[in-house]
Amino acid sequence: MGPTPTITIHVPGPLRRYCAGAAQLSISAHTVRIVLEDLQRSQSVLYCNICDETGKVRPHLNVFVNSDNVRDLDGVDTTLKPGDVVTILPAVSGG
Amino acid sequence: MADRVILTIGTKKGVFVADSAKPRRSFALRGPFGPGVPVYSTLIDTRGTPRLYASSCNPFFGMKVLRSTDLGKSFAETKAGPAFPKEDGRALANIWALEAGSGKKDLWCGVEPASLFMSHDAGDSWDLVPGISNHEHARKWQPGNGGLCMHTIIRDGNRVHLGISTGGHYLSEDGGETFRASNKGVGAGFAPDPYPEFGQCVHKIARHDDAPGRLYMQNHGGWADWTGPGGPRPDIGVLRSDDYGHSWRSIAKGLPSDFGFPIVVHPHDGDTIYVMPLEPATRSCPGGAPAVWRSENAGESWSRLARGLPKKQSYFTVLRDAMDIDRLKTPALYFGTTTGQLWIGREGGEQWDCLFDSLPPIHNVKVAVV
């Protein structure tokens, strides 16, 4: 495994108040799972909005690496490379 | 400040607060707070400086508790909402009940999946109450139409009564350390055994401080015509206990339906109770004509209160926590509908007026005089 890539997390508007207003966070991580573990330690309130108590990403949220939903990749085990952008977005819901 | 009548209105799109001077001629509306997020439970905690609480159940970002210390002019999230320990394996799906505890900042919280949490710091941190949350029955309870919810928490000295849908009535007599199912006489219509030990779909339980031992229950009725195993179960929907919830008996005779959700006790008379009978299939009042029904003799007989309510073509539902009564000398009832109307029943429900007619679907209505 090479050097740990530094990636950018894009934080959606409704969650920015849980990370001091930041629209982006920079984290070094090999996988999405490690991104989430890092958030659990460094941004615990933000993390609770993204993952439930069992550690699963909340069911109505989608996590993208660049333009790909991690559900279509390897889920939270999706690997990351330097410069990747991880975007967390609410799923489309209507009604 | 003169006494104000405060209403918290939990809706599909946030919590509203309405207030009025004591004559209750008109109410001013504020909100929505926590806009766009469903609110299933609210609490007006009148101990000391009043605090208003509302659950805020965000389908995207999880469960929060909102708190107001300025009578509902503004709300802010508490530092944390209730959450299961990671090793528990359950994840919070909704918050159904908020009640004041014994200490000044103590709160109890009933959640989905059915479990109980307690806070000692006005909702900033929460601990799971294991006596019921890890009860040997807990993994056998089944969700009702609204989910597997703990929706009723009643404290009576060292007794704690819980209502769970579908789990039934659970009673603690040691301050909440241990609980046992206490459903003798509480029927179920969706199981071959009409009177199981637990698993009933209790909709709401109420009590009155001046009627020791007395409890009232709106249970899931509507099973009079059941022809399957175990036979019909008429009148299992509205019940009364006179022994602190150890046993229950029907008081549904005289009602047009034993199905309904809320049950409310008059603040100054423990024998006077109110229900809203619904047709079980549509969850709306019989004949499309809404009415609250009142008993003034603890359920022995009932009378219909509908003056001012629509006489036909109304098919709303009033949910389990969407009816309350204030504590003024001549109290007023309030109910909110799934079609977004908030009604006031003046003179104890004798005369009904619509206060607001275009709110979002209403889940919860609480009232207090502060």
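Student: What makes β24(B) and strand β25 (residues 333-336) of chain B a pair?

Tutor: Three bridges join β24(B) to β25(B). Two strands pair if DSSP finds at least two bridges between them, so β24(B) and β25(B) qualify. They run antiparallel. Asp324(B) stands opposite Tyr334(B) in β25(B). The model is predicted: local features need pLDDT of at least 70, side-chain atom pairs count only at pLDDT 80 or more, and totals for chains, interfaces and linings use all residues. Residues are numbered from 1 along each chain as its sequence is written, while chains are lettered from A and ligands numbered from 1 in the order in which they are written.

Student: Why are β24 (323-325) and β27 (351-356) of chain B called edge strands?

Tutor: The open sheet has four strands in the order β24-β25-β26-β27 (chain B), with antiparallel pairing. β24(B) and β27(B) each pair on one side only. Neighbouring strands of this sheet are turned by 20° against each other on average, direction ignored. For that angle, axes are lines fitted to C-alpha atoms, for helices over the stretch in contact, and angles run from 0 to 180 degrees between N-to-C directions. Strands here are DSSP runs of E with at least two residues, helices runs of H or I with at least four, numbered from the N terminus.

Student: How do you know that strand β8 (residues 94-100) of chain B is largely enclosed?

Tutor: Five of its seven residues are buried, so the rest of the structure largely encloses β8(B). Buried means 20 or more other C-beta atoms within 10 Å of the residue's own, exposed means 12 or fewer, and partly exposed lies in between, with C-beta atoms placed from the backbone.

Student: What does β8(B) pair with?

Tutor: Its partner is strand β9 (residues 107-112) of chain B, in the antiparallel sense, over six bridges. The two form a hairpin with six residues between them. Trp108(B) in β9(B) is the bridge partner of Glu99(B).

Student: Why is His30(A) called partly exposed?

Tutor: His30(A) has 17 other C-beta atoms within 10 Å. His30(A) is in the loop between β2 (24-28) and α1 (32-42) of chain A.

Student: How many residues of chain A are in contact with chain B?

Tutor: 13 residues of chain A are in contact with ten of chain B. Contact requires C-beta atoms, placed from the backbone, within 7 Å.

Key
Contact = placed C-beta atoms within 7 Å.
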